[in-house]
Amino acid sequence: MDVLAEANLRLDANAVDYVLLAFYFALVLGIGYLARRQVSTSLDFFLSGRSLPAWVTGLAFIAANLGAIEVMGMSANGAEYGMPTAHYFWIGAVPAMLFLGIVMMPFYYGSKVRSVPEFMLRRFGKPAHLVNGISFALAQVLIAGANLFLLASVVNLLLGWPIWVSVVLAAVIVLSYTALGGLSAAIYNEVLQFFVIVAALLPLTIVGLYKVGGWEGLVDKVTAGPGGAEQLSSWPGNQLTGFGDNFLSVLGLVFGLGFVLSFGYWTTNFVEVQRAMASKSMSAARRTPIIGAFPKLAMPFIVIIPGMIAGVTVTELMGENKAALMEGGEAPSGATFNNALLLLMRDLLPNGMLGIAIAGLLASFMAGMAANLSSFNTVFTYDIWQAYIKKGRPDDYYLRTGRVVTAAATVLAIGTAFIASTYSNLMDYLQQLFSFFNAPLFATFILGMFWKRMTPTAGWLGLVTGTGAAVGVFLLAETGVWELPGQGASFVGAGAAFVVDIVVSVVVTYMTQPKPEAQLAGLVYSLTPRETLKHSTSGEDAGWYRKPGLLAGIVLVITIVLNIIF
Amino acid sequence: MAHESSRSRGAGVFDVRLVIALLIGVYGIVLTVLGAGFMTEEDIEKSAGVNINLWAGIGMLVFAALFVVWAKWRPIKVPQQEDETGGTGASESEITPGQER
């Protein structure tokens, strides 16, 4: 107990906790070893041989996104803003995931491409392919570094290991299973991680609710605290958006977060799409994001609610501390909302459960980084190395390349981890990257999929100018020419990238030659025979509970009901 | 090419459901034992009067058991024949193997 007094974030872990933690890591490495035996071709390595069942890819789809940012960031948001944080899940993710499963997946899976950039190659040709491949690879290394840094800083906080030891150790563990077993190992581990995260957060939420006297108790305490009753319902979420006007706030949530940012992220981010591409049939690929939407709907209850509980029970975060932090100042206690989950674990969990909770947190950080690595090595090997540098080698050459590239990317990520460590707010950094890369990509995709006239030149020019627009907004905001608060700059940047991309694409299209229609079958909606967009409904894809459309409908109904209740 | 045999063997031996059940099951056992025998008053008071180790342990054991039952009830089917070698020129037929089984 003395340890607690000295460093208030150091968790009081004992031998049992360390054994539980070690057992988890042993299994993670074991999965890498077992998955290695399934890898004999590059398709096995990069896309799991397209053989995984939908529930596995669906959970991996969610777990790949359930990284450090999601778990720590959203519980911090929960402590600060309360229920409106659920918008990041219910408005900012679920509709886009359903759209991906219902509308876009048939093109991705049906056209047999192995990556999102390869889709660009088939639709728009080499320039767009190269632009997309390079920008994606760059973004992944930068993001992997951010994940690695967060992981290391939490290990440092919790267990007291130096940052650089934690960075290298975490990198070695993630590297060993992704390089051995490829995407299968990453995906199987993501599924395992998903369950460990739930096993960590669910008991924490239950104990927390007991602590505050159930839901009623939480309502009373939040209402009485700074922020008031507004934090108990998700709409209109003025505190979250920063808009005083209710109407503007709702509009901002629906179009800004719900449309440009979330559709851009979920439908074109290869980290996510790759998981669906690894599934064994068209039907399973379409079900992947839809199955993932079910846990996504439930996630707020075990991420945001613990945050809210921390905001009213943890001494360092409640009362005057919360009030000071909400005004952008420093809490007298010195804690920040980012510590909400850790502090709650420290306060409530006995040894045993504590070890599992630490395992869950570390699992979520590794999930993010492994996802970045496994999609980086695919894009780099297939879309840059095989397409432009060493063409036409035998398949096992590219399999070996993939392993080497994974190792190289890990070393790079250790480097970018130290770049990321210089940013005070990593969420700003990441949102910024998304506005550069995902928003223009989404615009080009939507136009390219539904407008057959769109030309190859328009494809790459749109991407370049869209990214340029986002970078321009970023520079204006950085230099103070245009005053935009924290993440406001990335929202505006994403919007600008989207609009500029569309405008440039349309103008350029009318000045250049389109591709012959015969080459666009399977890539553009109006030129694709309806049968190839259909999935099989017999054998392992039979049954009402395997119909993507019906599942999506159920998810949509639950989403609407949740939005009405909260 | 060793492609076919390695895949079949891998699928038979390695079922991720059993790995999940193993992890959660071992966690469940450890927590249940801790919760049943080694909890001090102080520990229980810390977690708001709930013996969370015991309850979470039991919950995890039930969950692990359900996963084992699921894995036994619907074992992984080893693909009979894989038509694709996984190279670059994937043909249209890849979409249908699930249908024909």
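## A bent helix

In this predicted model, H15(A) bends by about 35° at A:Ala298, and within four residues a proline, A:Pro300, follows; the bend is the angle between axes fitted to the seven residues ending at a position and the seven starting there. Helices (H or I, at least four residues) and strands (E, at least two) are DSSP runs, numbered from the N terminus.

H15(A) covers residues 282–313, and its 32 residues should span 46 Å at 1.5 Å a residue, which agrees with the 48 Å between its end C-alpha atoms; the expected span is 1.5 Å times one less than the number of residues. Because 27 of these 32 residues are buried, H15(A) is largely enclosed by the rest of the structure, where buried requires 20 or more other C-beta atoms, placed from the backbone, within 10 Å of the residue's own.

## The chain as a whole

Chain A has 24 helices and zero strands, and 59% of its 566 residues are buried. Of its contacts with a separation of 6 or more, 83% join residues 24 or more positions apart, a contact being two C-beta atoms, placed from the backbone, within 7 Å.

## A helix pair

Helix H2 (residues 15–36) and helix H18 (residues 353–389), both of chain A, pack at an angle of about 35° with axes 8 Å apart. Residues of H2(A), including A:Leu20 and A:Tyr24, meet residues of H18(A), among them A:Ile358 and A:Ala363.

## Conventions

Residues are numbered from 1 along each chain as its sequence is written, while chains are lettered from A and ligands numbered from 1 in the order in which they are written. As this is a predicted model, local features need pLDDT of at least 70 and side-chain atom pairs count only at pLDDT 80 or more, whereas totals for chains, interfaces and linings use all residues.

Definitions and conventions. Axes are lines fitted to C-alpha atoms, for helices over the stretch in contact, and angles run from 0 to 180 degrees between N-to-C directions. A residue is buried if 20 or more other C-beta atoms lie within 10 Å of its own, exposed if 12 or fewer, and partly exposed in between; C-beta atoms are placed from the backbone.
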